[in-house]
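Take a moment to look over the sequence and the model before reading on.

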Amino acid sequence: MIEEFTLSEYIDHHPGLAMDSRDVEAVRRAYDLIAAESVVAAPFDPPQVAAATGRAGKQEIENTIYFFARAAEIYDEGTGNHTRRVNEYSYFLAQTVGMDPAFCDEIHYSAQLHDLGKISVDPVVLGKAGPLSDSERQEMDNHTIYGHRILIQSPQLAMAAEIALNHHEKWDGTGYPNALRGENIPLSARITQLADIYDALRTARPYKPAFVHEMARGIILSGDARIDSAGHFDPILVEAFSDTHADFDRIWRELSDG
Ligand SMILES: [Fe+2]
Ligand SMILES: [Fe+2]
């Protein structure tokens, strides 16, 4: 797929392109990385996107999603199948709370793009190992704004743009970038946020070990020192998770990195 895609093709198909030069540079860098086949094995299923968008044959949007999915995967702090698992948990959770098939299909390929904006974060800040200064932290947090700015160029990526912008908002209004509260946060982003955090809990990160399912479940339901469950999550989603948590563990196992 990727051989058929060129950056100029992407730009040609987005005549209203308002990406600033920083984003264009970031997309170019990501493209070079992917073209070099340097980091990940091909994990993505373009026919799934074709079916979900109802636009089979619209090669350019499939290519765009494929390209961004690979870019998001490379730049996400998790490695391996993190972004694919976030797609699957989000799809499952959307179905569990009774969303219609069009919504469920759209979130199924959009959730994986939540951290795409990291391609536009200053590489020095993104790669910094130690603690971040206030301005560096702000630059990191701006991945939400950068991702939205890139994805909003495509109507088919409207939900992905919404998720990118809002996946760090919290139910109690203490999140970023806009401190939205409760149902003012788009449902797609509330779902992806819970999915992303569950997967982060299951995965070893520089600041924490990997937790078993029971531990991750306990933190989503009741919180811990870092995560205030009631403050973070939509209570309806926590309830749905509580009823179906074994399926999250199933998805984790089916798409494990091992
Ligand atoms: Fe993020
Ligand atoms: Fe993530």
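What percentage of the 258 residues in the chain is made up of buried residues? In this predicted model, buried residues account for 38% of the 258 residues.

Two packed helices are described by the angle between their axes and the distance between the axes. For helix H5, residues 82-96, and helix H11, residues 187-202, the axes come within 9 Å and cross at roughly 130°. Angles over 145 degrees would count as roughly antiparallel and those from 65 to 115 as roughly perpendicular, and H5 and H11 are therefore oblique to each other. Their crossing is right-handed, and the residues that make the contact include Val86, Tyr89 and Leu93 of H5 together with Ile191, Leu194 and Tyr198 of H11. Taken by type, the residues of this contact divide into eight nonpolar, three polar and three charged.

In soluble globular proteins, nonpolar side chains tend to be buried together. The largest nonpolar core here has 51 residues, and the members that touch the most other members are Leu93, Leu113, Leu116 and Leu194. Helix H4, residues 59-75, gives the most to this core, with eight residues. If residues up to four places away in sequence are left out, Leu113 touches Phe68, Ala69, Ala72, Leu151, Ala160, Ile163 and Ala164.

Methods. Residues are numbered from 1 along each chain as its sequence is written. Chains are lettered from A and ligands numbered from 1 in the order in which they are written. This is a predicted model: local features need pLDDT of at least 70, side-chain atom pairs count only at pLDDT 80 or more; totals for chains, interfaces and linings use all residues. Axes are lines fitted to C-alpha atoms, for helices over the stretch in contact, and angles run from 0 to 180 degrees between N-to-C directions. Helices (H or I, at least four residues) and strands (E, at least two) are DSSP runs, numbered from the N terminus. Angles under 35 degrees count as roughly parallel, over 145 as roughly antiparallel, 65 to 115 as roughly perpendicular and the rest as oblique. A crossing is left-handed if the near helix is turned anticlockwise from the far one by less than a right angle, and right-handed if clockwise. Two residues are in contact if their C-beta atoms, placed from the backbone, lie within 7 Å. Ala, Val, Leu, Ile, Met, Phe, Trp, Tyr, Cys and Pro count as nonpolar, Asp, Glu, Lys and Arg as charged, and the others, Gly among them, as polar. A nonpolar core is a set of buried Ala, Val, Leu, Ile, Met, Phe, Trp, Tyr and Cys residues joined through C-beta atoms within 7 Å. A residue is buried if 20 or more other C-beta atoms lie within 10 Å of its own, exposed if 12 or fewer, and partly exposed in between; C-beta atoms are placed from the backbone.
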